[in-house]
Amino acid sequence: MLLTGDFISSQQAAEEGLVNRAVPADQLDAEIKRLTDSICAKSMPAIRAGKTMYYRQLEMGIKEAYQYAGGVITESVV
């Protein structure tokens with residue numbers, strides 16, 4: 001998609017793992033509310049740690065990113 005500029009359907013995007021879920025337009029607001037309520041119910045320090053971990057992983061190779069994430073998760077559980 002990035003290189004060709006071709007559009008794909010929401011079904012194809014879901015099949016390719018590009019989206020988590022797709023909903024009809026008339027259900028979009030309710031789905032956004034459900035998702036944001038779920039996020040807001042979580043611990044702010046945990047969300048902050050997860051976002052920090054994610055952004056640090058962007059600069060890493062896959063093996064290093066998995067090792068780093070494993071360490072962060074292990075430290076947060078203890």
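Which residue does Asp37 meet in a salt bridge? Asp37 meets Lys33, with 2.8 Å from N to O. The legends below cover this pair and others.

The model is predicted, with local features needing pLDDT of at least 70 and side-chain atom pairs counting only at pLDDT 80 or more, while totals for chains, interfaces and linings use all residues. Residues are numbered from 1 along each chain as its sequence is written, and side-chain values use heavy atoms, leaving out hydrogens and water.

**View 1. The salt bridge of Asp37 and Lys33 in helix 2.** A salt bridge is a side-chain nitrogen of Lys or Arg within 4 Å of a carboxyl oxygen of Asp or Glu. Asp37 and Lys33 are separated by about one helical turn because they stand four residues apart in helix 2. Helices here are DSSP runs (H or I, at least four residues), as are strands (E, at least two), and both are numbered from the N terminus. Asp37 has a relative accessible area of 39%, so this residue is partly exposed. For such labels, buried means under 20% relative accessible area, exposed means over 50%, and partly exposed lies in between (1.4 Å probe, protein chains only).

**View 2. The salt bridge of Arg21 and Glu31.** The closest N and O atoms of this pair are 3.0 Å apart. The pair links distant parts of the chain: Arg21 sits in the loop between helix 1 (10-15) and helix 2 (28-40), whereas Glu31 belongs to helix 2, ten residues apart. Arg21 has 41% relative accessibility and so counts as partly exposed. Glu31, at 17%, counts as buried.

**View 3. The salt bridge of Glu31 and Arg34.** Here the closest N and O atoms lie 2.9 Å apart. Both residues are in helix 2, three residues apart, which is about one turn of the helix. Arg34 is partly exposed, its relative accessible area being 40%.

**View 4. The network of Arg21, Glu31 and Arg34.** Salt bridges link these three residues in a network. Glu31 bonds in this way with Arg21 and with Arg34. In total, the structure holds three salt bridges.

**View 5. The aromatic pair.** The structure holds one such pair. Tyr54 and Tyr55 form it edge-to-face, with 5.1 Å centre to centre and 75° between the planes. Rings of Phe, Tyr and Trp (its six-membered ring) pair if their centres lie within 6.5 Å; planes under 30 degrees apart count as stacked, over 60 as edge-to-face and the rest as tilted. Tyr54 counts as partly exposed at 45% relative accessibility, and Tyr55 counts as exposed at 52%.
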